[in-house]
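Biologist: I would like to go through this model and ask what stands behind each label. Please set each value against its cut-off before you conclude.

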Amino acid sequence: MRQKSLLNSASGTFSAIIVVMAKQKKEDFVDKTVAWGCKLVHLDKCTPMFQQLAKFTIVGLINTAINWTIFAIALHFLPITDEVAKSVVASAIAFALATIFNFWASTTWVFNTTNKKTRKRLFIEFAVMNGIAFLIFDEAILAWLVSLSWHPMLAKVATTACGMVFNFITRKMFLEDHSDRKTKK
């Protein structure tokens, strides 16, 4: 019963965050705060990149909370006795569910997605890049660290940090509309 209420509480919190993010406008609190900070330290030219990094970080933190919560719940409930196998399966379940949120948040709030690709194609590219990051960081390195007797949650923290850099670069490359850059040069 306690686990059910914990799960309901977590899903309610994530739902509230999603609703708030959906209502964000192009020039929101994050954009204004970052622009103010950039102006303060004379980095006006870098404002758009820092705004995007701030939003990417916020989405990443929420996505990480979703991923780790599902991972921890799956670790608790999966009837697998081998710790490495249980960690890998729990990670796969958490990854799949968190990817859906991450795609939505990345394409609606963080990146100005291209109009040259359909949403289906964007999702496929997003899922492929996420899948590559998942296989490298969440599966191979996670399994390796757990086999070295790392606690599964500590291993998850390490692999998440590595995956964040890869994810930002690939999302910037594949999701974003780069057509206005070519015209500015």
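Biologist: What makes the contact between Arg 121 and Glu 125 a salt bridge?

Modeller: The cut-off is a side-chain nitrogen of Lys or Arg within 4 Å of a carboxyl oxygen of Asp or Glu. For Arg 121 and Glu 125 the N to O distance is 2.9 Å, so the pair meets the definition.

Biologist: Why is Arg 121 called partly exposed, and why is Glu 125 called buried?

Modeller: Buried means under 20% relative accessible area and exposed means over 50%, with partly exposed in between. Arg 121 has 45%, so it counts as partly exposed. Glu 125 has 15%, so it counts as buried.

Biologist: How many salt bridges does the structure hold?

Modeller: There are five salt bridges. One of them joins the side chains of Lys 55 and Asp 31, at 3.0 Å from N to O. Lys 55 is in helix α3 and Asp 31 in helix α2, so this pair ties together parts 24 residues apart in sequence.

Biologist: Are Lys 55 and Asp 31 buried or exposed?

Modeller: Lys 55 has a relative accessible area of 7%, which is under 20%, so it is buried. Asp 31, at 5%, is under the cut-off too and therefore counts as buried.

Biologist: Which residues are linked with Lys 55 in a network of salt bridges?

Modeller: Asp 28 and Asp 31 are linked with Lys 55 in that network. Elsewhere, the side chains of Glu 176 and Lys 172 meet in a salt bridge at 2.6 Å, N to O, and both of these residues are buried.

Biologist: Now the rings. What makes Phe 56 and Phe 168 an edge-to-face pair?

Modeller: The structure holds seven aromatic pairs. In the pair of Phe 56 and Phe 168, the centres are 4.9 Å apart and the planes make an angle of 70°. Phe 56 is in helix α3 and Phe 168 in helix α6 (residues 152-174), so the pair ties together parts 112 residues apart in sequence.

Biologist: Why are Phe 56 and Phe 168 called buried?

Modeller: Phe 56 has a relative accessible area of 10% and Phe 168 has 14%. Buried means under 20%, so the word applies to each of them. Ring pairs also link Phe 56, Phe 111 and Phe 168 into a cluster.

Biologist: What makes Phe 95 and Phe 134 a stacked pair?

Modeller: Their centres are 4.2 Å apart and their planes 25° apart. Planes under 30 degrees apart count as stacked, so this pair is stacked. Phe 95 is in helix α4 (residues 83-110) and Phe 134 in helix α5 (residues 119-147), 39 residues apart. Phe 95 is buried at 16%, and Phe 134 is buried at 11%.

Biologist: Why does Phe 71 count as buried?

Modeller: Its relative accessibility is 0%, and the cut-off is under 20%, so Phe 71 is buried. Phe 71 is in helix α3. Leaving aside neighbours within four places in sequence, its contacts include Ser 87, Ala 90, Leu 142 and Pro 152.

Biologist: Why is Leu 40 called exposed?

Modeller: Leu 40, in helix α2, has 53% relative accessibility, which is over 50%, so it counts as exposed. Leu 40 belongs to a nonpolar surface patch with Trp 36, Val 41, Leu 43, Met 49, Phe 50 and Leu 53, with about 660 Å² of accessible area together. Helices α2 and α3 each give two or more residues to the patch, and α3 gives the most, with three.

Biologist: Which helix has the lowest mean pLDDT, and which the highest?

Modeller: Helix α1 (residues 2-22) has the lowest, 52, and helix α3 (residues 47-77) the highest, 92. Over residues 21-25 pLDDT stays under 50. Where pLDDT is low, the predicted coordinates should not be read in detail. For the protein, the mean pLDDT is 81, and 83% of the residues reach 70 or more.

Methods: Residues are numbered from 1 along each chain as its sequence is written. This is a predicted model: local features need pLDDT of at least 70, side-chain atom pairs count only at pLDDT 80 or more; totals for chains, interfaces and linings use all residues. Side-chain values use heavy atoms; hydrogens and water are left out. pLDDT is the predictor's confidence in each residue, from 0 to 100. Helices (H or I, at least four residues) and strands (E, at least two) are DSSP runs, numbered from the N terminus. Contact means heavy atoms within 4.5 Å. Buried means under 20% relative accessible area, exposed over 50%, partly exposed in between (1.4 Å probe, protein chains only). Patches are made of residues with over 30% relative accessible area and no salt bridge: like charges are joined within 9 Å, nonpolar side chains (Val, Leu, Ile, Met, Phe, Trp, Tyr) within 5 Å. Accessible areas come from the Shrake-Rupley method with a 1.4 Å probe; for residues, only the protein chains shown count as cover. Rings of Phe, Tyr and Trp (its six-membered ring) pair if their centres lie within 6.5 Å; planes under 30 degrees apart count as stacked, over 60 as edge-to-face and the rest as tilted.
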